[in-house]
Amino acid sequence: MNLDDGDAVAASLRTALLDDLAPDRAAGAPPYLFGAPRLERFLQGNERRVPDAAAHFRKMLHWRREVDMAERRKEVIGKPWNAESVPGLPYLLHCLRSNIDFYTSSGDLIWVQCDGSARLDSLMAVSDEDLFNTIYLMCELRAEHLDRLSEQQGRLVRTVHIRDLSGLSISGLLRDRAVMGRLKAVLSVVNLAYPENVSKLMLMNMPAGFNLLWAALQPLFNDRIKQKFKFLSHHNYVAEIVEAVGVQGLEALVKGRRHACENPAVAIEVSAGMVEYACLRVEAGQVARWSFIVGGGGELQQRVFFATIGIKERAHEVRPRSSIRGSEAGSYEAQEQGLVFFTWVNPSAWGRPKRIERLSLVALSTSDVARGDSKRWGRRAARDETCGCFGAWSLFGEAQEFSDDSPVDPGQVQLSSCELTSVATSTGTSAG
C-alpha cells in the first residue's frame with residue numbers, strides 16, 4: 001500500500017527525492033533504504049524540501065558506512081520488535097526503567113521511560129562500544145518495524161514517547177558531563193540516521209529546575225522536533241495520556257516501572273518525591289477491589305482514576321486526592337469496560353521511603369461480591385493463563401504468578417474478566 005494514498009503531491013516529492021538519489025542507488029546503497037516510508041521521513045524532517053532531504057539522506061548513508069551498519073544489522077534483521085531481539089537491550093531498558101511492549105490505539109509504538117528512577121551508574125558502566133552497538137541495532141530494528149507497519153497501514157507509523165521525570169535530579173544530571181555527553185551523542189545519531197521516527201514526546205512530573213535541562217537540550221533539536229514536545233499537567237496527566245494514546249499508555253507506564261521496586265513481592269517502595277502506579281482491567285459490571293498497608297511511617301497521597309476502553313477512550317478521577325496511612329481499602333463498580341489506575345505520591349522532599357505493602361487488586365463480578373468470594377476468585381483467576389496479562393501476580397499475596405511478556409500487537413489484544421496489570425512503577429533514546 002502506498003503512503004498518503006491519493007496524495008499526488010506527496011508521491012511526486014518522493015519520486016523527485018528518489019530521482020535525486022539515483023547515483024547513490026547505482027553506487028550500491030541498500031535498496032531497503034529507499035522505500036516510501038523511509039523517503040517520507042526524510043522529506044518531513046526537512047520541511048519537504050527535496051534538496052535538503054537528499055543532502056540529509058547522503059549524510060545518513062555516510063554514517064552507515066562509517067559504523068558498518070550493513071554488517072551490524074544482520075544481528076537483528078527480520079526479528080520481532082521486542083527487547084530480546086537486540087543484544088544488550090533488556091539490560092539497557094532495565095537501567096532506564098523503560099518499556100517498549102505496547103502500542104497506541106491507532107497502532108503507533110509506545111516508548112515509556114521513567115528517568116527519575118534510571119540507574120545511570122549502571123548505564124555508565126557499560127562501554128561505549130557495547131552501549132552504542134545496542135542503540136544502533138535498536139534504532140535499526142525499530143526503523144524496519146515502523147516502515148513495515150507504515151506500508152501495511154498506509155500512513156507513517158511512528159513512536160510516542162512518555163517520559164516520567166518524577167525524582168529526576170536536574171542539577172546532578174547537568175553536572176555529570178559523562179552522562180550529558182552520551183545523551184548528546186545518542187540524540188545526534190538518532191536525528192541524523194532515523195528522522196521522523198517519533199510523533200510525540202510527552203513529559204510528565206517535571207521536577208524543579210527542569211528549565212535548566214530544557215535549556216541545555218534545546219540546541220540539539222530543530223524547530224520541528226521541539227514542536228513534538230508536550231508538557232503534561234501535574235493534575236491532569238492521566239487523562240492527557242489516555243486522550244493521546246489510549247489506556248495502553250497507562251499500562252506501559254506501570255510496566256515500565258516494574259523494576260523500580262527491588263522486591264515487588266514484598267512491597268512497592270515510594271521514595272521521597274516520587275510517584276508510583278498500579279492498574280487493573282475490568283469488564284462492564286465488575287467491581288474493582290483494592291487493599292494494602294502503607295508502611296514506613298507517615299502518609300501517602302492517593303488518587304484513583306477510571307479510563308474507558310473502546311472507540312473513544314477517556315479517563316476521569318473516581319477517588320480524589322486523599323492522604324492515606326495505615327491500612328487502606330476501597331472498591332469501584334465499573335459501568336463500562338476499562339482500566340482502574342492508581343497513583344501514590346510520597347510528598348516528602350526527603351526522609352525515608354514509604355511502602356505499599358500486601359497490595360491486593362482483584363476484579364469481581366457482582367455475584368462474587370454478594371457472596372464475599374474474592375479469595376476464591378483470585379485463585380481461580382491466577383490459574384487462567386489465557387487472559388493475556390503480563391506477569392505481576394507476585395504482588396497479590398495468594399495468587400500464583402504467571403507471565404506473558406510478549407509485545408502487545410495492535411488489534412490483537414485479548415481481554416478477559418481476569419486481565420490484571422499491577423506493577424511497581426518509577427535517560428535515554430528519544431528523538432527523531
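Guide: Angles from 65 to 115 degrees count as roughly perpendicular, those under 35 as roughly parallel, those over 145 as roughly antiparallel, and the rest as oblique. The model is predicted, with local features requiring pLDDT of at least 70 and side-chain atom pairs pLDDT 80 or more, whereas totals for chains, interfaces and linings use all residues. Numbering starts from 1 along each chain as its sequence is written, and side-chain values use heavy atoms, without hydrogens or water.

Helix α3, residues 36–44, packs on helix α8 at an angle of about 105° with the two axes 8 Å apart (helices are DSSP runs of H or I of at least four residues, strands runs of E of at least two; axes are fitted to C-alpha atoms, angles running from 0 to 180 degrees between N-to-C directions). The two helices, α3 and α8, are therefore roughly perpendicular to each other. From α3, the contact (heavy atoms within 4.5 Å) draws on Ala-36, Pro-37, Arg-38 and Arg-41, and these meet Ala-143, Glu-144, Leu-146, Asp-147, Ser-150 and Glu-151 of α8. Sorted by class, the contact of α3 with α8 comprises five charged, four nonpolar and one polar residue.

Helix α8 itself, spanning residues 128–153, also lies across strands β2 and β3, where its direction makes an angle of about 150° with β2. Those two strands, β2 (residues 109–114) and β3 (residues 159–164), are paired in the parallel sense over six bridges, pairing requiring at least two DSSP bridges, and Gln-113 stands opposite Arg-163 of β3. They belong to an open sheet of five strands with mixed pairing, ordered β1-β2-β3-β4-β5. At its edges stand β1 (98–99) and β5 (229–231), each with a single partner strand, so one side of each has no neighbour in the sheet. Helix α14, residues 247–256, lies across β1, β2, β3 and β4 (198–204), running at about 40° to β2.

In the contact of α1 with α4, six residues are nonpolar, two are charged and none is polar.

How values were computed:
Ala, Val, Leu, Ile, Met, Phe, Trp, Tyr, Cys and Pro count as nonpolar, Asp, Glu, Lys and Arg as charged, and the others, Gly among them, as polar.
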